[in-house]
Amino acid sequence: MAQIAPIDTDITLAQLDQDPFPIYRRLRAEAPVVQLKAAGRTLLTKAADTKFVKDNPGLFSSDDPNTPMKRAFWSHTLMRKDGAEHMRERMAMAPAFSAKAITNDWMPQYQRIAEEYVGRLPRGEVVDLFAILSGAYASRGLAILLGMEEASDEDMMEWSQALIEGAGNFGWQDAPFERADRANEAIHALLDSLQDRHRAAPNSSAFSVMLNADDPIPEKQIYANIKIAIGGGINEPRDAMNTILYGLLTNPDQLEQVKQNEDWDKAFEEGVRWVAPISASSRLATEDVEIRGCLIPKGDTVMTIQASANRDEELYENGEQFQVYRDKNPHQSFGNGPHFCQGTHVARRAVGKVMLPVLFDRFPNMEISNTDDVIWRGFGFRGPIQIPVLLN
Ligand code: HEM
């Protein structure tokens, strides 16, 4: 009979927030299945195991009743549903993410926004690109894609942060839920006011396709899933973009090669592999399961650490380094299985195909003057929270 996984009582959430990668490397070697006391969950750090969990939703449910997400979002979103119920809600939004909508409707808009937002940046100055460019660009594009362009960039960024922090409020503190409540109220008020417009003039936006479907899902779920897209569609492209910029600007040889070959898409994939914007996901064991000789008891919550899977020595040479020109890059940053990120192609194209070339075209000699000024944070979600760049 398999033993339950070893317990670690030393690793703290603060350490993981600061720099999780040395810890993951040690865990992959010494305890790839480990109960982390600080998180109250079993961490899986090997690529085969994180993929196994996400590919087997019958054994590992997304419907984890212990997460604060439902409280923060006022509802269960599609991310926390399984099987047919999940699929129905995911399909309701799918037309807005189709290849046709992305190519014809969204990419021309992203192109216009990228040119406008990059065009207003000052030349010759050091600018923190975190909010002024990366966050704002992701917000504007997403507001249009969702059909709520009346929201300002600041609104979108605040709502996204409030929802994410509410969903991650494992200490069940009041303040993060109150902030999330204010975001919910504002989003609901805006969506209420936009229903007539979208009914009168149906379009490819996520809100419109869900409202105008022949057999629509309940309004509560339409709103919940717009909110999950706000929570999931801003910080991740923002963090991906900042990470890629850091990777390229601190590796000038690679940058030269990327520019010459226009390999921005490769740079994108390597950036999201190197530092996974969503580093961890939770799943609930629906029966006793054995992983690497360890028993995961029914009812246990596991955390798949895709940030660690993406550097697994079994798949990558020099996984700790940013190397655009790798032989293979089977990263798990967009997840696996039925919950595979619905915004994958939008993010790839908005950042890789549109923003990076526009930015390097206008500022070909950008520099990070002092890498100590770049501050990285995050365990569940990770990226630079400050990235001052000299724009030249
Ligand atoms: C680089 C950018 C992005 C990354 C790294 C990313 C990552 C992820 C990951 C890892 C998941 C799966 C979570 C799980 O398995 O529990 C996910 C789900 C999701 N993402 Fe993204 N995402 C990105 C951008 C976006 C964008 C731009 C949108 C919307 C336009 C979006 C919408 C969604 C939605 C709706 C889901 C839930 C899918 C489902 O549960 O069926 N994402 N994302």
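Both α14 (264–274) and α16 supply at least two residues of the lining of the second largest pocket. Helices here are DSSP runs of H or I with at least four residues, strands are E runs of at least two, and both are numbered from the N terminus. The model is predicted; local features need pLDDT of at least 70, side-chain atom pairs count only at pLDDT 80 or more, and totals for chains, interfaces and linings use all residues. Residues are numbered from 1 along each chain as its sequence is written, and side-chain values use heavy atoms, with hydrogens and water left out.

**The pocket**

α16 gives the most to this lining, with five residues. The volume of the second largest pocket is about 190 Å³. Its lining includes Lys 259, Glu 262, Trp 264, Asp 265 and Phe 360. By class, the lining has four nonpolar residues, one polar and five charged. Ala, Val, Leu, Ile, Met, Phe, Trp, Tyr, Cys and Pro count as nonpolar, Asp, Glu, Lys and Arg as charged, and the others, Gly among them, as polar. A pocket is an open set of points on a 1 Å grid over the protein atoms alone, where a 1.4 Å probe fits, with protein on both sides within 12 Å along at least five of seven lines; lining residues have an atom within 4 Å of a point. Grid points are joined across faces, edges and corners, and the volume is the space filled by probe spheres set on the points.

**The ligand site**

The ligand's iron atom has a single protein donor, Cys 341 (SG), at 2.3 Å. Donors are N, O and S atoms within 2.8 Å of the metal (3.2 Å for Na, K and Ca); water is not among the atoms, so sites may look incomplete. Cys 341 sits in the loop between α15 (306–309) and α16 (344–362). The ligand is surrounded by 26 residues, and the closest are His 86, Arg 90, Arg 283, His 339 and Cys 341. A residue counts as near if one of its heavy atoms lies within 4 Å.

Elements giving two or more residues to the shell are α5 (83–93), α11 (219–233), α12 (235–249) and β7 (280–285). The shell divides into 13 nonpolar, nine polar and four charged residues.

**The sheets**

Six strands form an open, mixed sheet in the order β2-β3-β4-β10-β7-β5. Its edge strands, β2 (7–8) and β5 (60–61), each pair on one side only. Strands pair if DSSP finds at least two bridges between them. β4 (residues 41–44) and β10 (residues 301–305) run parallel, joined by three bridges. Thr 42 has Val 302 as its bridge partner in β10.

An open sheet of three strands has the order β1-β9-β8, again with mixed pairing. β1 (3–4) and β8 (289–291) each have a single partner strand, so one side of each is left without a neighbour in the sheet.
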